[in-house]
Structure formats: structure tokens, C-alpha cells
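Biologist: I am new to this structure, and I would like to know what stands behind the words used for it. Could we look at it together?

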Amino acid sequence: MSDRRDGVPTTVTSIPLVDPHASKADPSIGDLVKDATTQVSTLVRAEVELAKAEITRDVKKGLTGSVFFILALVVLFYSTFFFFFFLAELLDTWLWRWIAFLIVFLLMVVTTGVLALFGYLKVRRIRGPQQTIESVKEAREAFTPGHDKDKALTSPNGKASRDVTADPSGW
């Protein structure tokens, strides 16, 4: 007969008298700071993991929703083909058939031109990440040895007035 029932031992061979994970009765300041730092670090890591999980979930939902929007736009795109045929057939009741289809074709070309012009005007306004470029220039200037000396050696009119005794290395 086994001393286990459903995977749980029925007898315990030894009972620990002290919890090995319990804190000391009188911890030092260093131990308290160490414990607090560890707990804060664990808390921050757990919060970051939670945020990552929530963002991943929301991104997946967003991607699923965008797939349905893309499918709807594809169906709409193919539906326009039938709309333009309907429009040509409607004009055919008053005009010759070839003129009706020519009018619909010209309407489509003009619409395409106007939309392309709007797109060009919007794209032309793109200037790039100007603030990032300026920030990188400032950081590069700040890490260049002697950058503060160069400013001090510049005269108020913007021209450099280098002193001949100044160190050419910038240090």
C-alpha cells in the first residue's frame, strides 16, 4: 500500500520549523531597501507585461477590423464597375450609345485627375520629421568636444572670431 492518495502524500516526513522565505525578525535598513527595490522592480515588470498584453490584444482586434474594412472597400471597388455601366445605360435612353459611354469615360478620367491633384497637394506638404532632425543636430552638437567654445568664439555678427592661441583640437 502506498502512502499517497490522489498524488498527495498522506504523511509528511519532516515539518519545517521556520519558513525559509520569511523575512528576518529585525531586518536592517539595507535589507529593507533591497526588498523594496526588488518589489518595485517586479511591480514595474509586471505592469509592462500587462501593458504589452493589452496592446497586443487591441492591435489584434484593430487588425481584424481593418481586414473587414479592406474587404468592404474591395467589394465597393468592384461595385463601381456596375454603377458606371448603369450610368452609361441610363444616358443611352437620351443619347446615342457610344456618346453615353464616352461621357461616362470622360467623367471617370476627370474624377481621377481631380483626386490625383488632391493627393499630390497633400503629399507635397510632407516635410519629414523636422523636429527629430533638429533634435539630432542639437545632440550631435552637444556631444562634439568644444561646442561651447565655438559659440563663445563667434562674434555677434555671426562670423567666427577665432583666437590664434585657441587650441585647434577644440579641447
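Modeller: What follows is a set of questions about the terms, with answers that set each value against its cut-off.

Modeller: First, some ground rules: this is a predicted model, where local features need pLDDT of at least 70, side-chain atom pairs count only at pLDDT 80 or more, and totals for chains, interfaces and linings use all residues. Residues are numbered from 1 along each chain as its sequence is written, and side-chain values use heavy atoms, with hydrogens and water left out.

Biologist: Thanks! Which elements does the protein chain have, and how are they defined?

Modeller: The protein chain has four helices and two strands, and from the N terminus on the order is β-β-α-α-α-α. Helices (H or I, at least four residues) and strands (E, at least two) are DSSP runs, numbered from the N terminus.

Biologist: What makes A88 buried or exposed?

Modeller: Buried means under 20% relative accessible area, exposed over 50%, and partly exposed in between (1.4 Å probe, protein chains only). A88 has 0% relative accessibility, so the residue counts as buried. Of the 171 residues of the protein chain, 4% count as buried.

Biologist: Where does A88 lie, and which residues is A88 in contact with, leaving aside neighbours within four places in sequence?

Modeller: A88 lies in helix α1. Contact means heavy atoms within 4.5 Å, and with those neighbours left aside, A88 is in contact with A100, F101 and V104. A88 and V104 are 16 residues apart in sequence, while their C-alpha atoms are 6.1 Å apart in space.

Biologist: Now the rings. How many aromatic pairs are there, and why is the pair of F83 and F84 called edge-to-face?

Modeller: The structure holds seven aromatic pairs. The centres of the F83 and F84 rings are 5.5 Å apart and their planes are at 65°, so this pair is edge-to-face. The rule is that rings of Phe, Tyr and Trp (its six-membered ring) pair if their centres lie within 6.5 Å; planes under 30 degrees apart count as stacked, over 60 as edge-to-face and the rest as tilted.

Biologist: And why is the pair of W96 and W98 called stacked?

Modeller: Their ring centres are 6.4 Å apart and the planes are at 20°, so the pair of W96 and W98 is stacked. Both W96 and W98 are exposed. By contrast, F83 is partly exposed at 45% relative accessible area, and F84 is partly exposed at 24%.

Biologist: Which residues form an aromatic cluster?

Modeller: F81, F82, F85 and F101 form one aromatic cluster.

Biologist: What makes E89, R97 and D92 partly exposed?

Modeller: E89 is at 32%, R97 at 42% and D92 at 23%, so each value falls between the buried and exposed limits.

Biologist: How many salt bridges does the structure hold?

Modeller: The structure holds four salt bridges, including one between the side chains of R57 and D58 (3.4 Å, N to O).

Biologist: What is called a pocket here, and what lines the largest pocket?

Modeller: On a 1 Å grid over the protein atoms alone, a pocket is an open set of points where a 1.4 Å probe fits, with protein on both sides within 12 Å along at least five of seven lines; lining residues have an atom within 4 Å of a point. The largest pocket is lined by F77, T80, F84, L107, M108, T111, T112 and L115. Helix α2 gives the most to this lining, with five residues.
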